[in-house]
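The entries follow the order in which I went through the coordinates.

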Amino acid sequence: MPILKNDWQDLLEDEFQKEYYKELRIFLKNEYRSHTVYPKPDHIFNALHFTPFRNLKVVILGQDPYHGEGQAHGLCFSVQKGVNPPPSLINIFKELESDLECPVPEHGCLTSWAEQGVLLLNTVLTVRKGEPASHRGKGWETFTDRIIKIINDSESPVVFLLWGKHAAEKTAMITNPRHLVLQSAHPSPFSAYRGFFGCRHFSQANAFLVSQGIEPVDWNLSSAD
């Protein structure tokens, strides 16, 4: 059975056969068996499932999933409906309201962005409950770096939104002049006032897409309800 449900499967098929990924699978089986791990196994690859490669317009990079109960569902920064938006996501909504006058939504579920071509990719795709960074250095970074390289090699222009130091470290991988890279501070309450607020990345991303003849993203989550 293929691991992925769309065109990402062919693009990443060789990756699943590599030794590091086989070791990662063994690690994850043990982790899910002996600990509470987020997201649920069938949500691990949601970022790829919701956003086929052929539809890709924008990439937003996160770190690892939320580690609180019921939060993570495979899309960076996103939480499922009925779950209170975490502080970083609230700040994203504040910037979106300032930039494009989008009203702050009543939920924190970003699936409508993903369905429009916004890849909401964490660089590490799993985490133990209550233990941030607990699955770093186990192989996920190699896997997600491969995804970034595939996107970099794409002939279709893509916007990369890199928020914070961790995401900015991936800038060196994005060498294709077709793409637009926008960087700012992280939307965390600890850093949002150091350059995330006022960055206007959402309007800049859409302006770039329009300039390339690509339909812009409707960032307004209220209109998706």
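Predicted model: local features only at pLDDT ≥ 70, side-chain atom pairs only at ≥ 80, totals over all residues.

**Entry 1: helix α8 and its end**

I began with helix α8, which spans residues 201–211 and includes S211. Is S211 buried or exposed? I found S211 exposed, at a relative accessible area of 54%, which is above the 50% cut-off for that class. A polar atom of the S211 side chain lies 2.6 Å from the backbone oxygen of F208, and F208 is itself listed among the buried residues of α8. I also checked S211 against K138: the two are 73 residues apart in sequence, and their C-alpha atoms are 40 Å apart in space. After α8 comes G213, for which I read a positive phi near 75 degrees.

**Entry 2: what α8 packs against**

Which residues of α8 are buried? I listed H201, F202, S203, A205, N206, F208 and L209. These buried residues pack against β2, α4, α5 (111–115), β5 (159–163) and β6 (180–184).

I then took the pairing with α4 separately. Helix α4 covers residues 87–100, and it packs with α8 at an angle of about 60 degrees, the axes being 8 Å apart. That makes α4 oblique to α8. The contact brings I92, E95, L96, D99 and L100 of α4 together with H201, F202 and S203 of α8.

**Entry 3: salt bridges**

Side chains of opposite charge can pair when their charged atoms come close. How many salt bridges does the count come to? I counted 9 salt bridges, and I wrote out some of them.

R54 pairs with D7, with 3.7 Å between the closest N and O atoms. R54 lies in the loop between α3 (46–50) and β2 (58–62), whereas D7 lies in the segment before α1 (8–16), so this pair ties together parts that are 47 residues apart in sequence. R54 is exposed, with a relative accessible area of 61%.

The side chains of E15 and R146 also meet in a salt bridge, at 3.9 Å from N to O. E15 belongs to helix α1 and R146 to helix α6 (residues 140–152), so the parts tied together here are 131 residues apart in sequence. I found E15 buried, at 4% relative accessible area, while R146 is partly exposed at 30%. E15 and R146 are also linked with K18 in a network of salt bridges.

K149 forms a salt bridge with D153, the closest N and O atoms being 3.0 Å apart. K149 counts as partly exposed at 41% relative accessibility, and D153 is partly exposed at 46%.

H43 sits in the loop between β1 (37–38) and α3, and at 15% relative accessibility H43 counts as buried. Leaving out residues up to four places away in sequence, I found H43 touching H73, G74 and Q80.

Q71 lies in the loop between β2 and α4 and is buried, with a relative accessible area of 18%. What does the side chain of Q71 reach? I traced the Q71 side chain to the backbone nitrogen of G68, at 3.0 Å. Beyond neighbours within four places in sequence, Q71 is in contact with Y66, S78, V79, Q80, V83 and P86.

**Entry 4: backbone angles**

Most residues other than glycine have a negative phi, and most peptide bonds are trans. With that in mind I noted the peptide bond from Y38 to P39, which is cis with omega near -10 degrees. P39 lies in the loop between β1 and α3.

E101, although not a glycine, has a positive phi of about 60 degrees. E101 is placed in the loop between α4 and α5 and is exposed, with a relative accessible area of 70%.

A133, also not a glycine, has a positive phi of about 70 degrees. I placed A133 in the loop between β4 (127–128) and α6, where A133 counts as partly exposed at 31% relative accessibility.

Key. Residues numbered from 1 in each chain as written. Heavy atoms only, no water. Helix = DSSP H or I, 4+ residues; strand = E, 2+ residues; numbered from the N terminus. Buried < 20%, exposed > 50% of the residue type's maximum accessible area, 1.4 Å probe, protein only. Polar contact = N/O pair within 3.5 Å; in protein donor to acceptor, adjacent residues only side chain to side chain. Salt bridge = Lys/Arg side-chain N within 4 Å of Asp/Glu carboxyl O. Axes fitted to C-alpha atoms, helices over the stretch in contact; angles between N-to-C directions. Parallel < 35°, antiparallel > 145°, perpendicular 65-115°, else oblique. Contact = heavy atoms within 4.5 Å.
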